[in-house]
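Let's take a walk through this structure together. Have the sequence and the 3D view open as you read, and follow along one residue at a time.

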Amino acid sequence: QVQLVESGGGLVQAGGSLRLSCAASGRTFSTYAMGWFRQAPGKEREFVAAISWSGGSLYYADSVKGRFTISRDSGKNTVYLQMNSLKPEDTAVYYCAAGPRPTRTVEYDYWGQGTQVTVSS
């Protein structure tokens, strides 16, 4: 069992930056691939970024490539999403997830409760 808790969301102006954190419980964190997803009002949950269990493979949605960076610190059982050059269309609830593979689909075993990111124009 893995429990995930996101933090770091908030209100930021367009062009600004935020860093989201996802703290995981459980000693098996390092064996899970991790993903970040987001969901805007009235829209489906969409893939943002994913990282393999080793941290050696990274995956990004085209809409965030070059602006967002996913990373993990297994010593702290935490995965991060550094978000730069934020745009109003990045506004959404951001969720982290843990699963066996760094997939772009929502096929992850565990999900956090989400953290709100709002980007003002």
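**A buried glutamate and its surroundings**

The side chain of Glu6 comes within 2.9 Å of the backbone nitrogen of Gly114. A polar atom of that Glu6 side chain also lies 2.8 Å from the backbone nitrogen of Cys96. For such polar contacts, two N or O atoms must be within 3.5 Å; within protein, one must be able to donate a hydrogen and the other to accept it, and residues adjacent in sequence count only if both atoms are side-chain atoms.

Before going on, a word on the model: it is predicted, so local features need pLDDT of at least 70 and side-chain atom pairs count only at pLDDT 80 or more, while totals for chains, interfaces and linings use all residues. Residues are numbered from 1 along each chain as its sequence is written, and side-chain values use heavy atoms, with hydrogens and water left out.

Buried means under 20% relative accessible area, exposed over 50%, and partly exposed in between, using a 1.4 Å probe and protein chains only.

Setting aside neighbours within four places in sequence, Glu6 has contacts (heavy atoms within 4.5 Å) that include Ser21, Trp36, Tyr95 and Gly112. Two of these partners are worth a visit. Gly112 sits in the loop between S10 and strand S11 (115-120), and it counts as buried because its relative accessibility is 12%. Gly112 and Tyr95 are 17 residues apart in sequence, yet their C-alpha atoms are 5.8 Å apart in space. Ser21, in strand S3, counts as buried because its relative accessibility is 16%. Among the residues that Ser21 touches, beyond those up to four places away in sequence, are Val5, Glu6, Trp36 and Val79.

**The sheet around it**

Glu6 itself belongs to strand S1. Strands (E, at least two residues) are DSSP runs numbered from the N terminus, as are helices (H or I, at least four). Four strands make an open, antiparallel sheet in the order S1-S3-S8-S7; two strands pair if DSSP finds at least two bridges between them. At the edges are S1 (4-7) and S7 (68-73), each pairing on one side only.

S1 pairs with S3 (residues 18-24) over 4 bridges in the antiparallel sense, and Val5 has Ala23 as its bridge partner in S3. Across the sheet, 6 bridges join S7 to the antiparallel S8 (residues 78-83), with Thr69 standing opposite Gln82. S7 and S8 form a hairpin with 4 residues between them, and Asn77 in the turn has a positive phi of about 50 degrees. The covered face of S7 holds Phe68, Ile70 and Arg72, whereas Thr69, Ser71 and Asp73 are on the uncovered one.

Is Glu107 buried or exposed? Glu107 counts as exposed because its relative accessibility is 55%. Look for Glu107 in the loop between strand S9 (92-99) and strand S10 (110-111).
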